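Student: I have a structure to go through and would like to talk it over. Can we take it piece by piece?

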Amino acid sequence: MNEELNTGVTETTGLSAARPATGHRTRRGYLRTALAAAAVAGLGLVWAGTAQAATPSTAKATPTCSAAALKATFGQQLAGGMNHQGVVIRLRNLSGRTCALRGYPGLGLENSAHKALKTHTHWGDTWYAKDPGKKTLVLKDGQSAEAVVAWTHANTGTSGAVHASYLEITPPASTKHKTLAFHQWVDHGDLSVTALARHIDVTP
């Protein structure tokens, strides 16, 4: 529409410029040209404003689930040979609104006085489950995401293992954590964890 209107202005201007420049007929011709150009410009502005108003606003992105919005719990307990042990952790959205999680939970061990213990967290496959990889999980109120945590305890009772009483679980993109009772010996404080997923198939 802008292109057609601009063409009209060009033609009008061209016709006016072709007339003899004499008397007030010339002035009236210029006046007609100016008025026509102003009208076309006004139409262009109205059209542009209408088009802009009709453009839908960009939808807001789903907010990330904060630690306060989530409830952390343990799911299935996992055991096996070669001193391996593990557990499924779940983060449930109780915020009353939809939020999203993506990536790996942060983990930390604490002693009985809630003092942080030496902890090394490894992201990826665990003894019990393949890593599902990072995926954005949109959780409605009441929905959960889970991850699998695994460790070994071959050095139970020795300096080669950390004796924990609690486990810190930090949701992705959060600076605050949830704390669960976790009375376990963990070799060298080493924990392995998968990315969060709706559900992860495990080998008990």
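Student: Which residue in β2 is the bridge partner of Leu78?
Tutor: Gly86 is the bridge partner of Leu78 in β2. Before going further: this is a predicted model, in which local features need pLDDT of at least 70, side-chain atom pairs count only at pLDDT 80 or more, and totals for chains, interfaces and linings use all residues. Residues are numbered from 1 along each chain as its sequence is written, and side-chain values use heavy atoms, with hydrogens and water left out.

Student: How many bridges join β1 to β2?
Tutor: There are 8 bridges between β1 and β2, and the two run antiparallel. Two strands pair if DSSP finds at least two bridges between them. β1 and β2 form a hairpin with 4 residues between them. Met82, in the turn, has a positive phi of about 60 degrees.

Student: What is the strand order of the open sheet?
Tutor: The order is β1-β2-β7-β10-β5, an open sheet of 5 strands with mixed pairing. β1 (70–79) and β5 (120–123) stand at the edges; each has a single partner strand, so one side of each is left without a neighbour in the sheet. On average, neighbouring strands of this sheet are turned by 25 degrees against each other, direction ignored. The axes behind that angle are lines fitted to C-alpha atoms, for helices over the stretch in contact, and angles run from 0 to 180 degrees between N-to-C directions.

Student: And β7 with β10, parallel or antiparallel?
Tutor: Antiparallel, over 2 bridges, with β10 covering residues 190–193. Ala150 has Ser192 in β10 as its bridge partner.

Student: Zooming out, how many helices and strands does the protein chain have?
Tutor: It has 2 helices and 10 strands. Helices (H or I, at least four residues) and strands (E, at least two) are DSSP runs, numbered from the N terminus. Along the sequence the pattern is α-α-β-β-β-β-β-β-β-β-β-β.

Student: What share of the 204 residues is buried?
Tutor: 35% of them count as buried. Buried means under 20% relative accessible area, exposed over 50%, partly exposed in between (1.4 Å probe, protein chains only). The accessible surface of the protein chain comes to about 12,200 Å², with 55% of that belonging to carbon and sulfur atoms. These areas come from the Shrake-Rupley method with a 1.4 Å probe; for residues, only the protein chains shown count as cover.

Student: Salt bridges next. How many does a search of the whole structure find?
Tutor: The search finds 2. A salt bridge here is a side-chain nitrogen of Lys or Arg within 4 Å of a carboxyl oxygen of Asp or Glu. One of them joins the side chains of Arg90 and Glu146 at 3.2 Å, N to O. That pair links distant parts of the chain, with Arg90 in strand β2 (residues 84–93) and Glu146 in strand β7 (residues 144–152), 56 residues apart.

Student: Is Glu146 buried or exposed?
Tutor: Glu146 is buried, at 4% relative accessibility. Arg90 is partly exposed at 33% relative accessible area.

Student: Which residue forms a salt bridge with Lys130?
Tutor: Asp125 does, with the closest N and O atoms 3.9 Å apart. Lys130 is exposed, with a relative accessible area of 66%, and Asp125 is partly exposed at 47%.

Student: Where is Asp131?
Tutor: Asp131 is in the loop between β5 and β6 (137–139). Leaving aside neighbours within four places in sequence, Asp131 is in contact (heavy atoms within 4.5 Å) with Tyr104, Gly124, Asp125, Thr194 and Ala195. Its relative accessible area is 22%, so Asp131 counts as partly exposed.

Student: Which residues touch the most other members of the largest nonpolar core?
Tutor: Leu101, Leu107, Leu109, Val149, Ile169 and Leu191, in a core of 26 residues. A nonpolar core is a set of buried Ala, Val, Leu, Ile, Met, Phe, Trp, Tyr and Cys residues joined through side-chain atoms within 4.5 Å. A second, separate core of 8 residues includes Leu78, Val88, Ala129 and Ile200.
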